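This report looks at a ligand site and at a pair of helices. Please keep the sequence and the model at hand while reading.

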Amino acid sequence: MSFVKYEPMGDIAYLTVDRVNALNALNSQVLTDLDEALDQIDLDTVRCLIVRGAGDKAFVAGADISQMKDLNPEQGEHFSEQGNNVMRKLCNLPIPTIAAVSGYALGGGCELAMACDIRICSDKAVFGQPEVTLGITPGFGGTQRLPRLVGRGMAKQLIYTGMNINAQEAYRIGLVNAVYPMEELYPAAEKMARRIAANAPIAVRAAKRAVNLGMQVDIQQAVEIEEEAFGSCFGTADQREGMGAFLEKRKHEPFCNR
Ligand code: CAA
């Protein structure tokens, strides 16, 4: 039995962390299941992935505290590496990813959401990096992705205080892009995913790659990455159709990923 459900729905898909009785906390098995589920995605068909937690109480309430309690430093580092490898795989997935955060997204849960390209949440969502209240640091990317998303001052405040924030505050600081009543969250995620999926897949993937790679280098190298991404779209069937349709004042045919 896997703690992660992969549900393709045509050109979009859900990845659901499903360990409801522990508020979807990430232990080694859940991380392994996530890793395997990411490998399973049919990238020829699926054009956008929605990541969520089962139930409406939690997205993911963090790494599993009962598993971590008796780790020694070496084992702690190894667990962090396992989590970071999965977050990196998710972050580098060629297709766009949307975290749809229903409830608690704490510690490793906030880090899972931050490994996605886009975050939206319910008005009941709670975010935080409470690790220092447990005697540890964030370990699945929080010290690195949070400052890149909300700025280092706000990230340090959240990490040092270990305080949780609600959905509106997460929206205010730019951690999430939108807040919805719970019943509208997944329909909104699907609407956004389908909108992305309707666009030229080669261009969308190239744009994702350019943003991700460009954020890691200086601006000169970054614009060179953009030039390469831009150039790689030309000559594709979708570029010819997209531009041809515009100039012929007609709606473009569905993009074909070629
Ligand atoms: N690890 C293991 N089990 C967890 C868990 C976690 N992170 N979060 C919740 N659970 C379990 C609880 O132990 C409980 O199990 P039992 O029913 O067997 O007792 C079950 O899920 C339900 O949780 P609560 O009874 O605590 O539910 P609540 O509504 O009273 O509280 C909560 C909800 C505020 C989210 C609370 O569960 C909580 O504070 N959880 C821990 C949050 C946290 O500190 N996360 C960070 C972990 S460290 C980390 O993630 C490190 C990293 O960066 C890699």
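How far is an oxygen atom of the ligand from a polar backbone atom of Gly 108? The separation is 2.8 Å, which falls within the polar-contact limit used here, a pair of N or O atoms within 3.5 Å.

## Basis of the model

This is a predicted model, in which local features need pLDDT of at least 70 and side-chain atom pairs count only at pLDDT 80 or more, while totals for chains, interfaces and linings use all residues. Residues are numbered from 1 along each chain as its sequence is written, and side-chain values use heavy atoms, with hydrogens and water left out.

## The ligand and its surroundings

A backbone N or O atom of Ala 63 also lies 2.8 Å from an oxygen atom of the ligand, and a polar backbone atom of Gly 139 is 2.9 Å from a ligand oxygen. Taken alone, the ligand exposes 980 Å², and the protein buries 62% of that (accessible areas by the Shrake-Rupley method with a 1.4 Å probe).

The ligand is surrounded by 23 residues, the closest being Lys 57, Ala 63, Gly 108, Glu 111 and Glu 131; a residue is near if one of its heavy atoms lies within 4 Å. By class, this shell has 14 nonpolar, five polar and four charged residues, where Ala, Val, Leu, Ile, Met, Phe, Trp, Tyr, Cys and Pro count as nonpolar, Asp, Glu, Lys and Arg as charged, and the others, Gly among them, as polar. Two or more residues each come from helix 2 (65–68), strand 6 (104–106) and helix 4 (108–114) (DSSP runs numbered from the N terminus, helices being H or I with at least four residues and strands E with at least two).

## Met 68 in helix 2

Met 68 is found in helix 2. Leaving aside neighbours within four places in sequence, Met 68 is in contact (heavy atoms within 4.5 Å) with Ala 63, Phe 79 and Ile 136.

## Helices 9 and 10

Helix 9 (residues 201–214) and helix 10 (residues 219–233) pack at an angle of about 170°, with their axes 9 Å apart; axes are lines fitted to C-alpha atoms over the stretch in contact, and angles run from 0 to 180 degrees between N-to-C directions. Helix 9 is therefore roughly antiparallel to helix 10, a term applied to angles over 145 degrees. By class, their contact has eight nonpolar, two polar and two charged residues.

How values were computed. Parallel < 35°, antiparallel > 145°, perpendicular 65-115°, else oblique. Polar contact = N/O pair within 3.5 Å; in protein donor to acceptor, adjacent residues only side chain to side chain.
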